[in-house]
Amino acid sequence: MIGLHAIASYVPEGSISNYDRREQFGLTDEFIAAKLGVSKVSRMGAQEDTAALCVEAFRRLQRKRPVPAGEVDCLVVCTQNPDGHGIPHTSAVVHGEIGASERCAAFDVSLGCSGYVYGLSIALAFMQANGLRQGLLFTADPYSKIVDPDDKNTALLFGDAATVTLLRPDGPWLAREFLFGTRGKEGAALNNRAGRLEMNGRAVFNFSATAVPGQVAQLLARAGVAAGDVDLFLFHQGSRYIVDTLARRLALPAAKVPCNLAEQGNTVSSSIPLLFERYIDDPAVRRVLMSGFGVGLSWASCLLER
Amino acid sequence: MNATEKTVAEIIEDVCSQVRVSEGDGDTPLKDLGVDSLDVAGIFLAFQEKLGVRVPDDEIDALNTVRLIAAYLDARR
């Protein structure tokens, strides 16, 4: 079985403080801290692009778990904001930059906030079906490319980041169950219109607050696991308010629902691995439930154990 | 407050743990009660789930007091 072995991440040093925009958007400190949960949104540098974020995440992985690039045989990038106009695919750009071998499979997955859970399922299944032994699943969706800095709905939330998850046979974390959902008829609630992100916050909130708890409950029932036997629930970090809402609607104790938005914001498909990176080597954490939700509208949940 | 206004007040307090709605707050703007823009989404979702009334996006801004919300809900139930 292929499992998750390590996660590394890159959050660019550049940022915009939400506290500096209190006047522009009529914000209170209480709203920023308790509702958005985002002190600042990270911003990649002018010379950086999606692939560059991935390459930096890979460099950081090398410091944690050295991985000879020539031994990588599967490289997946989850993004909806690829380098240039998407040709060549960002995974091919990353492949070239890190010096992976020509026998390495490389492809992109186009998904937003549900992308990490989907990406895990795709990469694990692809690797197992084809006898591949060492895979890299990247997430990098720098929304700074499409966020309107004057749009209160999005400018205060979305930050840039990239993560990479190393998948290989000795990875201790194994995926046990996955569930997926799509509500394409409501996809306009979060869309890119002529290069500018638009979000109907109420529609996205209603979707998240209703669809995710149902899927989480279904996943637990299917796995025969009680919520109390899950160490952590790692929800997509959309905003502090949605994470708190999910915890409340699922009657989960706050200690089991971590939130790490403050220093970078909502990093789309990177938010769950960025959070899981904190716990992946923690021996006290043995079972986690992840749930990503957003663009599509799409949602996906999985149970990981070691 | 009439029965619907009391129900609205209870739902607001349930969704917004930091908000208290007292008997004389029927005409107080929700913002002055401490309800912010994110709370509004949660409150109107609760109306939809508990009372079966979905308020269209373009009508929400005008419903900014307990009394206005209650009257709106009564007219549609």
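User: What percentage of the 77 residues in chain B is buried?
Analyst: Quick background: this is a predicted model, where local features need pLDDT of at least 70, side-chain atom pairs count only at pLDDT 80 or more, and totals for chains, interfaces and linings use all residues. Residues are numbered from 1 along each chain as its sequence is written, while chains are lettered from A and ligands numbered from 1 in the order in which they are written. A residue is called buried if 20 or more other C-beta atoms, placed from the backbone, lie within 10 Å of its own, exposed if 12 or fewer, and partly exposed in between. For chain B, the buried share is 32%.

User: Which pattern does chain B follow along the sequence?
Analyst: Helices here are DSSP runs of H or I with at least four residues, strands are runs of E with at least two, and both are numbered from the N terminus. Chain B has five helices and zero strands. Read in order, that gives α-α-α-α-α.

User: What is the radius of gyration of chain B?
Analyst: This radius is taken over C-alpha atoms, and the globule rule is 2.2 Å times the number of residues to the power 0.38. The rule gives 11 Å for 77 residues, and chain B comes close to that, so it is as compact as a globular protein of that length. Its radius of gyration is 11 Å.

User: Which helix gives the most to the side of chain B that touches chain A?
Analyst: Two residues are in contact if their C-beta atoms, placed from the backbone, lie within 7 Å. The contact takes nine residues from chain A and six from chain B. Four residues on the chain B side come from one helix, residues 37–51, and that's α3 of chain B.

User: Which element gives the largest share of the side of domain 1 of chain A that touches domain 2 of chain A?
Analyst: An automatic or database domain assignment sets the bounds, with domain 1 at 3–168 and domain 2 at 174–305 in chain A. Domain 1 of chain A puts 45 residues into the contact, and domain 2 of chain A puts in 44. On the domain 1 side, seven residues come from α5(A).

User: Is Gly228(A) buried or exposed?
Analyst: Gly228(A) sits in the loop between α7 (201–223) and β11 (232–235) of chain A. Because 8 other C-beta atoms lie within 10 Å, Gly228(A) is exposed.
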